[in-house]
Amino acid sequence: MKQESKSSIRVSVRNFVEFLLRTGDIDNRRGNLNQADAMLEGSRIHRKIQTSMAGDYRAEVTLKLCKKEPDYDFILEGRADGIIQDDKGVMIDEIKGVYRDLEDMKEPVEVHLGQAKCYAYMYATQEKLDTIRVQMTYCNLDTEEILRFVESYSIEELTTWFEGLYKEYQKWIQFRMEARDTYVSSVKELEFPFTYRKGQKELVRDVYLSVLRKKTLYIQAPTGVGKTLCTVFPSVKAAGEQLASQIFYLTAKTITRTAAGDAFSLLIDQGLRARVLTITAKDKVCPLEERSCNPVDCPYAKGYFDRVNDCVYEYIAREGIYDRESLIGFALEKQLCPFEFSLDVSLWCDAVICDYNYVFDPNVYLKRFFAEGIKGDYIFLVDEAHNMIERAREMYSAVLYKESFLEIKRLMKEHSRRVAKALDKCNKLMLEYKRKCDTYQVIQSFSPFVYALMQLSGELDLFFKNNPEFDGGDEFSQFYLDLRHFLNMCDIMDENYTVYTEHDENGKFKIKLYCIDTAAVLQRRIDMARSTVYFSATLLPIRYYKSMLSEEEDAYAVYAKTAFLRQQSEIFVATDVSSKYTRRGTKEYMRIAAYIQNAVKAKAGHYMVFFPSYKFMRDVYEVMPKEDMEILLQESAMTEEEREAYLNRFGEEETGTVVGFCVMGGIFSEGIDLRGNQLIGAIIVGTGLPQISNERDVLKNHYDEKGQDGFQYAFRYPGMNKVLQAAGRVIRTLNDKGVILLLDERFHQREYRELFPREWDGYKSCTVDNIEKQLEDFWN
């Protein structure tokens with residue numbers, strides 16, 4: 001008889017210690033030691049201190065402790081910053097980078113010392129040592145001043161201390177064991193909730209095998225595949241076979257987060273017993289009119305860490321979907337911050353649905369899971385993955401404006417001459433860059449500016465120490481965050497970045513660290529997971545996304561089969577019209593208007609027309625006949641109510657013709673779901689090329705210099721993605737029927753045709769004179 005292997009409970013040293021030893025308030029005010037671990041874990045300072053030590057210093061030593069219990073193995077793991085062996089014996093070095101003056105520190109922070117003692121116990125047990133020293137190294141990230149605390153412990157002292165913590169953690173281990181057993185048992189009998197449609201079974205298998213083999217998978221998943229359920233279901237099954245500990249469903253939009261929640265709910269209705277959490281942004285769940293995360297301004301922050309563990313234990317006693325309403329209601333009842341409470345609950349969930357930021361963003365990623373840098377048994381399901389390139393560029397790029405230094409200098413003049421002087425120095429260096437810059441300029445070296453920023457940051461730290469109650473308002477807070485982020489990105493900047501200065505369209509002067517090639521920064525997070533699945537209906541060309549979203553050369557890629565029938569839709573490509581700048585004018589606008597007229601003449605109904613820009617849209621609208629149809633114009637910065645009213649006109653079942661004029665790449669070209677007669681046609685004007693700008697020029701030149709086709713990377717690929725997204729609004733179900741008109745003769749060029757999805761094979765050419773007849777033939 002085969003003996004079943006015992007379950008393993010894996011916990012990082014950081015989570016183990018912080019979970020048990022944290023006390024007090026949530027307090028994000030500058031200089032609070034309880035949040036002294038700096039952004040990016042002070043990686044630059046860690047490396048600098050480690051490399052400056054003598055030859056007997058071993059850096060980043062991975063340690064693991066396994067306590068074998070009758071029903072499970074408890075595995076504690078982490079990386080000690082340093083281990084020193086000299087004539088005095090062995091010493092564990094724990095390095096903490098902080099953004100505050102060190103003069104008033106009389107002893108280490110308990111949670112920090114707890115981590116160091118944990119490593120000391122693990123190493124002393126492993127090496128059978130009688131005594132071991134612990135060194136807490138604090139370093140100010142701006143001044144690089146260092147303060148050390150050293151203490152010696154016997155193995156008996158450390159054993160007593162550790163066993164006390166371990167005993168306190170027992171009820172949580174027991175909870176995890178029982179929850180995992182329940183989950184695993186429920187998954188054994190779990191079946192796909194519907195009869196498999198064409199291509200779904202193969203897709204489910206591909207996702208499962210990727211998890212099994214610890215691979216990254218890219219899926220081109222045409223509309224109709226059922227990509228959400230076809231990625232969630234095999235991931236749930238894999239976790240049920242204990243191939244993974246947690247699933248992270250990552251997406252950029254509320255509508256896709258809702259779809260993911262619905263998929264898990266469907267499986268729960270089928271018998272899955274799981275805990276599934278949706279994390280909502282802090283601003284959307286904060287009960288205060290103005291968010292202020294400190295115990296003075298917020299009653300939900302005061303004493304948070306003294307109470308939270310018992311409340312988490314009570315909340316997770318029930319299984320199911322932990323949605324926004326449920327979390328807010330419970331947290332407020334217990335006088336706890338709803339956002340922080342959701343993060344604490346996440347540790348005990350089988351699946352977490354959240355924005356990309358919580359895994360990939362260097363500032364807001366979930367440190368409870370990823371701060372240790374230890375690989376976990378996670379599955380990352382990245383929905384709408386075509387968005388990840390630009391999102392990653394935003395996350396890992398950084399910008400500072402010359403005007404901000406002047407504005408903050410005016411603010412600080414009356415408070416601190418030293419800070420004002422440091423601001424003035426930064427401003428003068430920016431002025432030198434400005435004088436040399438006509439429109440934009442790529443900068444090869446900017447070390448003096450970075451040094452001036454570090455000095456400024458140090459002066460601000462000193463000011464904060466002496467003026468703890470200072471409140472410079474939102475503008476000051478944003479400047480400080482931008483400054484910190486800029487310095488942090490300087491720490492990780494490499495050949496994948498370009499630094500440039502620019503006079504922007506608003507007349508402001510900026511310096512930008514532009515992260516162009518995103519594969520390396522994203523790979524650092526992918527390395528934390530067992531398997532990552534990138535999927536989208538518009539992941540073409542897939543080689544482009546593979547090169548931008550990871551560094552893995554052996555990643556899998558599949559083109560999922562759609563369940564939709566070819567006869568449900570027809571693609572028409574115009575041969576006599578273009579949105580090229582050189583062709584724009586009344587004659588071309590009238591031709592586009594004629595195409596729209598002829599389309600709706602062939603069949604009355606609901607259509608959307610997607611334009612390259614608001615101006616182009618309005619120019620066509622001006623020459624468009626308005627009789628026999630209602631035309632809706634998308635406006636910039638529409639409110640939620642205005643968006644809903646716009647879409648509701650398509651939801652109304654009526655025989656009249658409604659034509660929505662929209663902007664390609666905007667709010668109506670992605671993530672909306674209009675079915676049946678709600679939308680029967682998409683007319684796409686132009687190839688979607690991004691507008692020419694200095695940044696696009698920087699992007700193009702970067703790839704040209706690498707011997708690649710810069711125009712493809714900077715313009716054609718992102719443009720075609722917008723086209724595919726807009727076209728994807730038409731056929732949403734097996735009962736839909738509709739048409740897609742591509743109004744630009746450039747689509748006939750080989751470079752564009754190569755980017756067409758398989759579902760567009762057999763497209764038809766058309767002219768303004770024959771489109772009405774061709775459409776009538778299709779509809780009849």
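Is Ser-397 buried or exposed? At 7% relative accessibility, Ser-397 falls in the buried class (buried is under 20% relative accessible area, exposed over 50%, partly exposed in between, using a 1.4 Å probe and protein chains only). All of these views come from a predicted model, in which local features need pLDDT of at least 70, side-chain atom pairs count only at pLDDT 80 or more, and totals for chains, interfaces and linings use all residues. Residues are numbered from 1 along each chain as its sequence is written, and side-chain values use heavy atoms, with hydrogens and water left out.

**View 1. Ser-397 sits in the loop between α14 (388-396) and β13 (398-401).** Helices (H or I, at least four residues) and strands (E, at least two) are DSSP runs, numbered from the N terminus. Look for the side chain of Ser-397: one of its polar atoms is 2.6 Å from the backbone oxygen of Arg-393 (a polar contact is a pair of N or O atoms within 3.5 Å; within protein, one must be able to donate a hydrogen and the other to accept it, and residues adjacent in sequence count only if both atoms are side-chain atoms).

**View 2. Helix α25 (residues 710-727) bends by about 35° at Arg-716.** The bend is the angle between axes fitted to the seven residues ending there and the seven starting there. A proline, Pro-718, follows within four residues. Most of α25 is covered, with 16 of its 18 residues buried.

**View 3. Helix α4 (residues 155-188) packs against helix α9 (residues 304-315).** Their axes are 12 Å apart, at an angle of about 25° (axes are lines fitted to C-alpha atoms, for helices over the stretch in contact, and angles run from 0 to 180 degrees between N-to-C directions). That makes α4 roughly parallel to α9; angles under 35 degrees count as roughly parallel, over 145 as roughly antiparallel, 65 to 115 as roughly perpendicular and the rest as oblique.

View 4. Most residues other than glycine have a negative phi, and most peptide bonds are trans. Leu-540 and Pro-541, though, are joined by a cis peptide bond, with omega about -5°. Asp-628 has a positive phi, near 70°, and is exposed at 73% relative accessible area. Ala-637 also has a positive phi, near 55°, and is exposed at 76%.

Key:
Expected span 1.5 Å × (residues − 1).
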